[in-house]
Amino acid sequence: MTLVELKVGKYLLKSIVLETPQSAPYLKIDNTINVLFKETEVIIAKGDLTPMSLQNRINGVVSKIERGEILGRLTLDSDIGEIVSLITTSAIDQLILKKGDNVTAMVKTNEIMLSA
Amino acid sequence: MIFQFTKKLNAANGHFRLEVDAEITEGNLITLYGESGAGKTSILRMLAGLLQPERGYLKVGEEVWYSAEEKINLSPQQRKIGIVFQDYALFPNMTVRQNLEFALYKNQDKRVIAELVDLIELGDLQYRRPETLSGGQKQRVALARALVRRPKLLLLDEPLSALDKAMRDKLQNYILKLHRNFNLTTFLVSHEVKEVFKMSNEVWVLKDGKITSRSTPLSLFSQTDVSGKFKFTGEVIDVEKSDVIFIITILVANNIVKVVADEREASQLSVGDEVLVASKAFNPLIQKIN
């Protein structure tokens, strides 16, 4: 198992993978790879963050909100590009999210996949 | 199993030298993949003893079937092989059962016929003549006949390319079943990526008579290497919008799985697409059955 630190724009993201540098040739310092995560795994927070275990935090501005009956789709503009988050519509309501809000998008280290 | 073959072959654009040298774990199902004229059929014919290499060696199990040096060259009848080509070549004047029985060697135990009729579900067809059968049914009979002598090698030269998709699927399942039940080492010539995935655990790419790569279908056909440990290939059978997300239904082997996708992912997918489904090893639940 390896904890991989990824430089993405100004952020340092972390990913845990089962591979090791011995088993996966792409796990090499300074190697450029793709960082993948599912939209359903993007957690949204607004305002001050209480201490929490999530390490991958990306600041963004809400650029679009699509409300479904159960799920909602948030589009964020961030320094590292557009990020989409799928969270429940009730969560959107609870956070009183609207266009232009500053939010933090978070992804657990075990949800980040790497692709060579 | 070991084989080395060298032979000059003629192709549409001049001639080339076939040179293959391979060691194979018996029990594998290997697809030979490559453009026409790359030497795939010639390899099958050399394994079968229908085409003689200039130089070479072939050992299956502990038996040497061909050795140019030792001047050993077993005839096709002496080699323990079963062959199925695209055309069925059944005897028209015999019933299905007679076609199978004709393939028995002298004094062979006839129980193998019943076993094959059962495995390939030929019970209802066994007293019919080939002319009354559909293409898929004929190919099932041809498959059964190829196995009557309990061969060690099964050689399949695009046996399903003339069949429609549903029939192809069914025949692929029969071949897999026979491959396991008869402990075969199987060589399949195929051009269809989906078939290669479903059927083989090893794929060889042939080009101008040389094996240019030996790998699993996944590492050959998926362009990217994804770190996810829970990964499968399948075929998209449905893309459905639900709320703000899409539900993608994918056929993975014989199982239907559903994957939630964002519209950016879904817009790139359509029914019939071959896809890689990957998740991290951290996500799946495991529950013991029974």
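**View 1. The crossing of helices H4(B) and H5(B) in the predicted model**. In this predicted model, H4(B) passes H5(B) in a right-handed crossing. Helix H4 spans residues 135-147 of chain B and helix H5 spans residues 165-181 of chain B, and their axes, which come within 10 Å, cross at roughly 15°. Because angles under 35 degrees count as roughly parallel, H4(B) is therefore described as roughly parallel to H5(B).

**View 2. The residues that join H4(B) to H5(B)**. On the side of H4(B), the residues taking part are B:Gly136, B:Gln139, B:Arg140, B:Leu143 and B:Leu147, and in H5(B) they meet B:Met167, B:Lys170, B:Leu171, B:Tyr174, B:Ile175 and B:Leu178. Sorted by class, this contact of H4(B) with H5(B) consists of seven nonpolar, two polar and two charged residues.

**View 3. The elements of chain A**. Chain A contains one helix and nine strands, and, when followed from the N terminus, its elements come in the order β-β-β-β-β-β-β-α-β-β. Of the 116 residues in chain A, 25% are buried. Among the contacts in chain A with a separation of 6 or more, 58% are between residues 24 or more positions apart.

**View 4. The contact between chain B and chain A**. Here 15 residues of chain B are in contact with 22 residues of chain A. The side of chain B that touches chain A is made up of seven nonpolar, three polar and five charged residues.

Methods. Residues numbered from 1 in each chain as written. Chains lettered and ligands numbered in written order. Predicted model: local features only at pLDDT ≥ 70, side-chain atom pairs only at ≥ 80, totals over all residues. Axes fitted to C-alpha atoms, helices over the stretch in contact; angles between N-to-C directions. Helix = DSSP H or I, 4+ residues; strand = E, 2+ residues; numbered from the N terminus. Parallel < 35°, antiparallel > 145°, perpendicular 65-115°, else oblique. Left-handed = near helix turned anticlockwise from the far one by under 90°. Contact = placed C-beta atoms within 7 Å. Nonpolar A, V, L, I, M, F, W, Y, C, P; charged D, E, K, R; others polar. Buried ≥ 20, exposed ≤ 12 C-beta atoms within 10 Å, placed from the backbone.
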